[in-house]
Amino acid sequence: MISQSQGRLPDRRPLSIVDIGSNSIRLVIYEGIARSPTILFNEKMMAGLGRGIYSTGRLDPEAVDLALEEFRRFRALSEQAGAESLHVIATAAAREAENGPDFIRRAEEIFGVPIRVLSGREEANYAALGIVSAFRDPDGISGDLGGGSLELVDIRGRNRAEGTTLPLGGLRLQEMAKGSIDSAVAIARTELKRASFLEEGRGRTFYCVGGTWRNLARLHMNMRGYPLEVMHHYEFDMSTFSSFLRQIIDGDLSRLKGIDRISKSRRALLPYGAAVLREIYQAMTPEKVVVSALGVREGYLYSLLDEEGQRQDPLLSAAEELAVLRARSVTHSRELATWTGEAFEAFGIEETIDEARYRRAACLLTDIGWRAHPDYRGTQSLNIIAHAAFIEVDHPGRAFIALTSLFRHEGIYEDAVSPVMGTLAGPLYLQRARILGALLRVVYLFSAAMPGVIPNLKWRKGEGGRLSLVVPRKYADLTGDRPDRRMALLGKVLRRPMDIVLSDD
């Protein structure tokens, strides 16, 4: 009996990571070590190990018992999912508490593997690696806000400065301030002075990591009526940023849209997370504040990759994996990714590095909806792409990739545009999606979604700006009225005469 579905990649070896934090503990089972990690199973518990640690110096005893009991379930889940290895990391509360070593010893007996208790420097480094793995050429300062500590690291590309750990985690700050948000603001301001390098982040990016800040971002999305519920690479609207944080700090939460979707334990920490974020913003004055869905766990996973694996493009890797799993031919998808680059060059379209990456990803993903009903292939593909767990792609780029599949299936007419995705993409990406979608509608009529034909199709410039798609005569039977009409429509989009010609070359 086959136990693994064809929806899984056959060359992956599952592994589990348990992240023991000061507030939450999470088990994540990954399909394997990959540049774009895929989650097989994910479970979280809000243990609150660090509750009271500031006054007692010890882990909360009830939380310890609850966590140890849950660890048995985590190990059983890991084994049930077929994970071949189990990695357990622990952060601020476990390393600082007087009874931390005893807790770790008991946890190791349950898990059956050594637990790596991260130092503050190691925790900061892995959090920064999470940003390095999730953003192309990051430039700014990352902040990972947990329950017990805040890790700050200056990042330039793949280079990371030595990080700083501050006692500003939500649970700890709440206790230090004795429940007073005014005291919390003062404490945060004082502690952040120790991170003098924040001034070097002026005009750059601040990368937010951690559950409290992600929940703040979700509330901000709801307040704006933001069209896409994807957390990674969400950029706060800076015109409303300060007033939004002020509202959270003041504790005016009851009327916020979406507040009921946040657990009560998380909700209580939102004002403290907002206070820390506002003080960082005032000390750093970044150009933008961006949310990362990847943090310490993903940074740790990234560190397990070899150098070659770390240098892979995670967006293109994930897109190719989806093509392997869902397209009729991944080889055909790869041919499209290369050939459309040649076509854009012939069209005189200059692309930035990201624009070229997004075009290639769109080509790799354009056939993933082929099993759906023909009337819904475009919409289904758009929804899959818009909400996929992609990294190293911003939201306008994500919208471009999704719209390309929509146009490729449904045509490039005005009523085919998704208003939500069109707004998010912006005028440039919307037009690029139309061009690429129209081009794909032409070339699929020659390839029938199978490889071998596309690399033989070339472009030739003629008089009056005419551009011809040159088809070798051996493929003459593939030409006809329908390809001609679609080529004419592509010409309208590009505002230049275009046709299809046969060649004996």
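Analyst: A definition comes first: two strands count as paired if DSSP finds at least two bridges between them. This is a predicted model. With that rule, an open sheet of three strands can be read in the order β12-β13-β14, and its pairing is mixed. The edge strands are β12 and β14, each of which pairs on one side only. From one strand to the next, the twist averages 35°.

User: How many bridges join β12 to β13, and do the two strands run parallel or antiparallel?

Analyst: Strand β12 (residues 458–461) is joined to β13 by four bridges, and the two run antiparallel. Trp459 has Leu469 of β13 as its bridge partner. The two strands form a hairpin with five residues between them, and Gly464 in the turn has a positive phi of about 70°.

User: How many bridges join β13 to β14, and do these strands run parallel or antiparallel?

Analyst: Six bridges link β13 to strand β14 (residues 498–503), and this pair runs parallel. Leu467 has Met498 of β14 as its bridge partner. Between the two strands the chain passes through helix α20 (residues 481–494), and this β-α-β crossover is right-handed. Leu469 is bridged to Ile500 in β14.

User: Which helices pack on this sheet?

Analyst: Helix α15 (residues 330–347) packs on the sheet and touches β12, β13 and β14; its direction makes about 5° with that of β12. Helix α20 also lies across β12, β13 and β14, and runs at about 135° to β14.

User: Where do the side chains of β13 point, and are they buried or exposed?

Analyst: The general idea is that side chains in a regular strand alternate between the two faces of the sheet. In β13, Leu467, Leu469 and Val471 point one way, while Ser468, Val470 and Pro472 point the other way, and all are buried. Because six of the six residues of β13 (residues 467–472) are buried, the strand is largely enclosed by the rest of the structure.

User: Which residues touch the most other members of the largest nonpolar core?

Analyst: That core has 115 residues, and those touching the most other members are Leu152, Phe206, Trp213, Phe347, Ile401, Trp459 and Leu469. Helix α19 (residues 419–447) gives the most to this core, with 15 residues. A second, separate core has 30 residues, among them Ile29, Phe71, Ala94 and Ile115.

User: What is Leu152 in contact with, beyond its neighbours within four places in sequence?

Analyst: Leaving those neighbours aside, the contacts of Leu152 include Ile141, Leu166, Leu192, Phe197, Phe206 and Ile280.

User: How many residues of helix α12 are buried?

Analyst: Helix α12 (residues 296–303) is mostly covered, with seven of its eight residues buried. Those buried are Val296, Arg297, Glu298, Gly299, Tyr300, Leu301 and Tyr302.

User: What is the order of the sheet with five strands?

Analyst: The order of this open sheet is β3-β2-β1-β4-β5, with mixed pairing. Strands β3 and β5 (115–117) stand at the edges with a single partner strand each, so one side of each is left without a neighbour in the sheet. Direction ignored, neighbouring strands are turned by 15° against each other on average. Strand β4 (residues 85–90) and β5 run parallel and are joined by three bridges; Ile89 stands opposite Arg116 in β5. Helix α2 (residues 61–80) packs on the sheet, touching β1 (15–20), β2 (25–30), β3 and β4, and its direction makes about 170° with that of β3.

User: Where does Asn42 lie, and how exposed is this residue?

Analyst: Asn42 lies in strand β3 (residues 39–45). Its relative accessibility is 37%, so Asn42 counts as partly exposed. Apart from neighbours within four places in sequence, Asn42 is in contact with Arg26, Leu27 and Val28.

Technical notes
Residues are numbered from 1 along each chain as its sequence is written. This is a predicted model: local features need pLDDT of at least 70, side-chain atom pairs count only at pLDDT 80 or more; totals for chains, interfaces and linings use all residues. Side-chain values use heavy atoms; hydrogens and water are left out. A nonpolar core is a set of buried Ala, Val, Leu, Ile, Met, Phe, Trp, Tyr and Cys residues joined through side-chain atoms within 4.5 Å. Buried means under 20% relative accessible area, exposed over 50%, partly exposed in between (1.4 Å probe, protein chains only). Contact means heavy atoms within 4.5 Å. A crossover is right-handed if, with the strands pointing away from the viewer, the path from the first strand over the helix to the second runs clockwise. Axes are lines fitted to C-alpha atoms, for helices over the stretch in contact, and angles run from 0 to 180 degrees between N-to-C directions.
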